[in-house]
Amino acid sequence: MPLTDKTKRILAQQMYPPYFANIRSRTTTLWAEAEIDTFSYLKLHGSVNWYYSGRDDFYGETIFYADVPPLGETHPEAEEFWESLSKDKDTLIIPPVNEKITYFNNETVRGLWKDARSALAEARRIIVIGYSLPPSDLGMRLFLINNQPAPNTPVYVVDTDPCVAERYAALLPKLRIVKVKDFLQGQNPTERFSQQYPNLVVT
């Protein structure tokens, strides 16, 4: 079935901040896609489809991203093409540890965190899926503490471990940690959350 305006899939370039470069730009000219009113995708800890030199100091360096196929689909030929463009690159993964300072030397990474800081401070609700808030990630803990939205903003925690919700409650006592039993136990809490969230009363 051909895609219509309503079913047209969202592309990575329509979600990523404008200071990232598509890795296809290393060999071809990229024509702009029609704009879609969608969300911003701010991945603070990097991604398996982001590429950089791998150097400890990569200030001023362009960070590339590769296109992502639709969920559930595989495209081996496209993946081989992206790999051929990134042979001299490493994937950019920022580990959830205290020492992130070398990554923040890159202005693109700094810009990403600044965008996230603004988004968090202005949020009307927060949904945390699968992030356990480990004690070792002092950077993220300070980030959450210093950029909190208005008091009593609801925070939905979705995780297989119910103790995770308690960690957020202890760290962010001014926010309202919503503890829904179905979202904090057993297998596939994310699936249950995605099914029930549209019917939840959010205030």
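This is a predicted model: local features need pLDDT of at least 70, side-chain atom pairs count only at pLDDT 80 or more; totals for chains, interfaces and linings use all residues.
**A chat about loops, ring pairs and a pocket**

Student: Where does L133 sit?
Tutor: L133 is in the loop between β5 and α5.

Student: What about the phi of L133?
Tutor: Phi is near 55° there, a positive value in a residue other than glycine. Most residues other than glycine have a negative phi.

Student: New topic. How many helices and strands are there?
Tutor: Seven helices and seven strands. From the N terminus, the order is α-β-β-β-α-β-α-α-β-α-β-α-β-α.

Student: How much of the protein is buried?
Tutor: Buried residues make up 36% of the 203 residues.

Student: What about aromatic pairs? How many does the structure hold?
Tutor: There are 14. Rings of Phe, Tyr and Trp (its six-membered ring) pair if their centres lie within 6.5 Å; planes under 30 degrees apart count as stacked, over 60 as edge-to-face, and the rest as tilted.
One of these pairs is F20 with W50, which is tilted, at 4.5 Å centre to centre and 45° between the planes.

Student: Which parts does the pair of F20 and W50 tie together?
Tutor: F20 lies in the loop between α1 and β1 (21–22), and W50 lies in strand β2 (residues 46–52), so the pair ties together parts that are 30 residues apart in sequence. Both F20 and W50 are buried.

Student: And what sort of pair do F183 and F193 form?
Tutor: Their ring centres are 5.0 Å apart and their planes are at 80°, so the pair is edge-to-face. F183 lies in the loop between β7 (176–178) and α7 (189–196), and F193 in helix α7, so this pair ties together parts 10 residues apart in sequence. F183 and F193 are buried.

Student: Which residues do ring pairs link into a cluster?
Tutor: Y16, F20, F39, Y41, W50 and Y65.

Student: Next, salt bridges. How many does a search of the whole structure find?
Tutor: Two. A salt bridge is a side-chain nitrogen of Lys or Arg within 4 Å of a carboxyl oxygen of Asp or Glu.
E61 forms one with R55, with the closest N and O atoms 3.1 Å apart. E61 is buried, with a relative accessible area of 10%, whereas R55 is partly exposed at 49%.

Student: Which side chain does E166 meet in a salt bridge?
Tutor: K179, at 3.0 Å, N to O. E166 lies in helix α6 (residues 163–171) and K179 in the loop between β7 and α7, so the pair ties together parts 13 residues apart in sequence. E166 is partly exposed at 43% relative accessibility, and K179 is partly exposed at 44%.

Student: Last topic. How much space lies in the largest pocket?
Tutor: About 1,100 Å³. On a 1 Å grid over the protein atoms alone, a pocket is an open set of points where a 1.4 Å probe fits, with protein on both sides within 12 Å along at least five of seven lines; lining residues have an atom within 4 Å of a point. Grid points are joined across faces, edges and corners, and the volume is the space filled by probe spheres set on them.

Student: Which residues lie nearest the centre of the largest pocket?
Tutor: L42, L120, I126, I127 and V128, out of 23 lining residues. α4 (107–121), β5 (126–129) and α5 (138–146) each supply at least two residues of the lining. The largest share, four residues, comes from β5.

How values were computed:
Residues are numbered from 1 along each chain as its sequence is written. Side-chain values use heavy atoms; hydrogens and water are left out. Buried means under 20% relative accessible area, exposed over 50%, partly exposed in between (1.4 Å probe, protein chains only).
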